[in-house]
Structures are given as C-alpha cells and as structure tokens.
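The report that follows is meant for a reader who is meeting this structure for the first time. Please look over the sequence and the model before reading on.

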Amino acid sequence: AQVMGTKVIAIPTLDVVARNAPADVECVAVGLNLKKETLYTGLFERDGHNWHAIAEPALRTVEQLLAIAPRPLAILGDPLPPLPEGCQDVTILPADLARGRSEEVWRLGRNNAAVGRFDDPLKLLPLYVRPPEAVELWDKRHGKPQGASRP
C-alpha cells in the first residue's frame with residue numbers, strides 16, 4: 001500500500017461475522033477464539049440493514065458477556081462454552097454462521113471507502129487478545145503473575 005499509494009481499509013473480524021446473523025435477529029454477540037473459558041467478543045445491534053457495536057470488543061467469559069447483553073440475544077461462535085443454567089431469551093446460532101465471509105469483508109470495505117474512511121497502513125498492527133501459550137508458560141515458570149501486563 002505504501003509503495004503503490006493504495007488506500008487501505010481495516011475490517012474487524014467481529015464485524016464481518018456479525019453480518020452472518022439471520023434477518024430476524026436484532027442483537028447478536030460474536031465470540032471467537034475460545035480458550036480457558038474466555039472468548040474475544042463483540043456485541044452488536046441491528047439498525048436497518050447495518051450492525052452497530054454496542055460494547056467495546058474484549059476478552060470475556062460467557063457470564064460477563066451475558067451480563068452486559070440486551071435480550072433477546074443471539075450468539076455466534078464456534079466453539080462456544082456451555083451457557084449457564086436458566087439463560088432466558090438467548091439463542092445459539094448454527095456454528096457454520098461463525099465464519100467470516102469474503103463478500104462481507106468486501107461490502108464493509110466498500111461502505112467505508114464510500115465515506116472516505118481509510119486506515120494508515122503504517123499504524124495497522126495484528127491484534128493478539130491473549131499472550132501466546134509459550135509466553136504464558138514462561139511467565140508461570142518464572143514467577144510472573146497471570147494477567148500482569150508486559151512492557
């Protein structure tokens with residue numbers, strides 16, 4: 001992009017997957033990358049044909065997600081941990097809907113381009129929601145508390 005002068009648009013995976021929710025769903029939670037009972041989650045509400053985030057993306061347990069989510073709620077993810085007993089107005093959508101689709105990336109990118117919303121390619125970085133397992137093991141063996149921030 002820098003060499004060719006091409007404009008870049010970053011599209012978050014959570015936003016792409018949320019667009020797979022069926023047309024009758026008004027609120028959807030997307031949970032990806034399940035590990036140790038936490039998911040990288042996004043929470044979205046429908047506004048016509050578009051989805052708008054109603055909570056910052058974050059690493060959460062299902063219980064934390066359910067505590068902030070409006071009802072009725074549909075959840076997209078694969079795999080998902082079991083829901084707590086007695087969840088009211090919560091639907092688990094089919095796992096095959098939890099995959100990002102290239103046509104949705106294209107649609108979201110085209111929408112951003114239409115309003116001039118581009119990203120600086122030099123500021124784009126991969127998002128790692130949790131440290132690699134090797135780092136966690138190193139920290140554990142060398143006495144660093146779990147969850148402590150790294151410099």
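## Val 28 and its surroundings

Not counting residues up to four places away in sequence, Val 28 touches Ala 18, Ala 21, Gly 42, Leu 43, Phe 44, Trp 51, Leu 73, Ala 74, Leu 76 and Leu 93, where contact means heavy atoms within 4.5 Å. This is a predicted model, in which local features need pLDDT of at least 70 and side-chain atom pairs count only at pLDDT 80 or more, while totals for chains, interfaces and linings use all residues. Residues are numbered from 1 along each chain as its sequence is written, and side-chain values use heavy atoms, with hydrogens and water left out.

Val 28 also belongs to the largest nonpolar core, which has 14 residues, and there Ala 21, Val 28, Val 30, Phe 44 and Leu 76 touch the most other members. Such a core is a set of buried Ala, Val, Leu, Ile, Met, Phe, Trp, Tyr and Cys residues joined through side-chain atoms within 4.5 Å; buried means under 20% relative accessible area, exposed over 50%, and partly exposed in between, with a 1.4 Å probe and protein chains only. Two or more residues of this core come from each of helix H1 (13-18), strand E1 (27-35), strand E2 (38-47) and strand E4 (73-77), with helices (H or I, at least four residues) and strands (E, at least two) taken as DSSP runs numbered from the N terminus. Another core, of twelve residues, lies apart from it and includes Ala 29, Leu 39, Leu 66 and Ala 69.

The strands pair, which requires that DSSP finds at least two bridges between them, as the table shows.

| Strands | Bridges | Direction |
|---|---|---|
| E1 and E2 | seven bridges | antiparallel |
| E1 and E4 | four bridges | parallel |

Within these pairings, Val 28 stands opposite Ala 74 in E4, and Lys 35 has Thr 38 in E2 as its bridge partner. E1 and E2 form a hairpin with two residues between them, and in the turn Lys 36 has a positive phi of about 50 degrees.

Turning to helix H3 (residues 102-114), Asn 112 is found there, and Asn 112 counts as buried because its relative accessibility is 13%. Leaving aside neighbours within four places in sequence, Asn 112 is in contact with Ile 9, Ala 10, Ile 11 and Arg 117. Val 105 lies in helix H3 and counts as partly exposed, because its relative accessibility is 38%. Val 105 touches Ile 11 and Val 16, not counting residues up to four places away in sequence.
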